[in-house]
Amino acid sequence: MPDNFFDVVDISTINMDLIVTQLPGAPTWSSIESTTQGKYISAFLASEDILKAEGINTAIRLAHFLGQGLIESNFFRATEENLNYSAVALRATWPGRFPTDELAEEYARQPEKIANFVYANRMENGDEASGDGWRYRGRGIIQLTGRQNYRIFGDLLGLPLEDDPDILTRDFRAALHVAAKFFSENNLLALADADDATKVSRAINRGNANSSSPAHGEDDRIWWTAKALDLFRKEEDELLNPREGGKLTIGHKGARVEEFQRMLAGLGFAVGGFDGDFGPATQRAVIAFQQQADLPVTGIIDKATALAMDEALTGQPTPNNRVNADENTVRETGSETPDDTNQIAAAGVAAGVAAAAAAASELLDGEEESAPTTNTETQTPQTPQTTSSGVNWILIGCLLVVVVAVTVIFLRARKIKKDQVKDYQEGKIV
């Protein structure tokens, strides 16, 4: 993101309506400025120093941070966890703790009682009677939960969170700092770099990035992360040429990215297409090249990487020549697909011709055997006789099905070959 993305001296100089109308309900800034939403947004815009200090310093990291925070905080409307569950919701959310309807009904619509029960004897909380579940319920942008987490992140940031957990409901900048520290301390930045919103979601909501259970609101988390990334990506005119000291990294897009995607493909690295979008596939290709070239492995195209790629391509066909590739070019890479599809297509044509010929033969033979006869003396036509040697329409139908099937096989084989050539031209295969 640009260095001045968060350089907000006077919020009144920003068109805040353009920002807040991205939220559900498309509110205006004047309608939410004094609300929890408005306070969160103001703190967010004024916290460049916090975000950068915690490593949230690229478009993709910022997008994942915001995408998760929006869902955890109910789109910046909530400062603490909503535990006002119905009996049905308790059974669905904590089936292990509420195995029966009777138990769920006993706790339904009693937030404090629910918190003390479901969070008891976990995360350094005491038992249900201790009140720790309610005292250390989820708060802040990331919904920090449990005495252990309040103690750990309070110590990391020099905040008395264990003694005064409500700091996270009063101080929006502190709440944002805790959320950012949570990201950096729990390896979420690496998951964000890989653009794996599913794992980020489950790491936050399930406590395990590899959990088999979806996070609460997982689809929304993924969607809002992608929406945020579209807002934060650097566009083409903001990207400095790496040869001149700039850097290209995951989340960047534009013609500059496409140039290096084509270069990587020309060097034999699959980049997933020449779409000008520096995504995980392009990053993997950069890492592979850096390993091969004995460069520092960062996954970032910096000056050393760009110049090494230029040198490696010297004397080689330009990657743009791939656009003229044909099936012979693909065959030269060692792929057997062109020959295999040709054989399948040829076999299909042969089978189709044979089936069509058999159908025609049966049709003609049947017509001859069942044709009407004429009396040679009076020239009066006689009624046609139906015999067992007439047209076998069942056989004809079966043969026509064969003709259709082999036609489909023939067309499919041609498409497979055509698609592979196209993928080679676009750098999706090497």
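Predicted model: local features only at pLDDT ≥ 70, side-chain atom pairs only at ≥ 80, totals over all residues.
**Whole chain**

Start with everything shown as cartoon. The protein has 21 helices and zero strands. Colour by burial: of its 430 residues, 43% count as buried.

**H10 and H12**

Select residues 147-157, which are helix H10, and residues 172-185, which are helix H12. Their axes come within 11 Å and cross at roughly 100 degrees. This angle falls between 65 and 115 degrees, so H10 and H12 are roughly perpendicular to each other. Now show side chains at the contact. H10 contributes Phe153, Leu156 and Leu157, while H12 contributes His177, Val178, Lys181, Phe182 and Glu185. Sorted by class, the contact of H10 with H12 holds five nonpolar, one polar and two charged residues.

**Gly146**

Step back to Gly146, in the loop between helix H9 (132-135) and helix H10. Is Gly146 buried or exposed? Its relative accessibility is 0%, so Gly146 counts as buried. Select Met123, Asn125 and Tyr136 next: these are the residues in contact with Gly146 once its neighbours within four places in sequence are left aside. Then draw a C-alpha to C-alpha distance from Gly146 to Glu162; it reads 9.5 Å, for a pair 16 residues apart in sequence.

**H16 and H18**

Move to helix H16 (residues 255-266) and helix H18 (residues 303-313). Their axes are 10 Å apart, and the helices pack at an angle of about 45 degrees. That angle makes H16 oblique to H18. The crossing of the two helices is left-handed. To see which residues meet, select Phe260, Met263, Leu264 and Gly266 in H16, together with Ala306, Met309, Asp310 and Leu313 in H18. By class, this contact of H16 with H18 has six nonpolar residues, one polar and one charged.

**Glu48**

Finish at helix H4, residues 48-53, where Glu48 lies. Which side chain does the side chain of Glu48 join in a polar contact? Show Lys52: the polar contact between the two side chains is 2.8 Å. Glu48 has a relative accessible area of 13%, under the 20% limit, and is therefore buried.

Definitions and conventions: Residues numbered from 1 in each chain as written. Heavy atoms only, no water. Axes fitted to C-alpha atoms, helices over the stretch in contact; angles between N-to-C directions. Helix = DSSP H or I, 4+ residues; strand = E, 2+ residues; numbered from the N terminus. Parallel < 35°, antiparallel > 145°, perpendicular 65-115°, else oblique. Left-handed = near helix turned anticlockwise from the far one by under 90°. Contact = heavy atoms within 4.5 Å. Nonpolar A, V, L, I, M, F, W, Y, C, P; charged D, E, K, R; others polar. Buried < 20%, exposed > 50% of the residue type's maximum accessible area, 1.4 Å probe, protein only. Polar contact = N/O pair within 3.5 Å; in protein donor to acceptor, adjacent residues only side chain to side chain.
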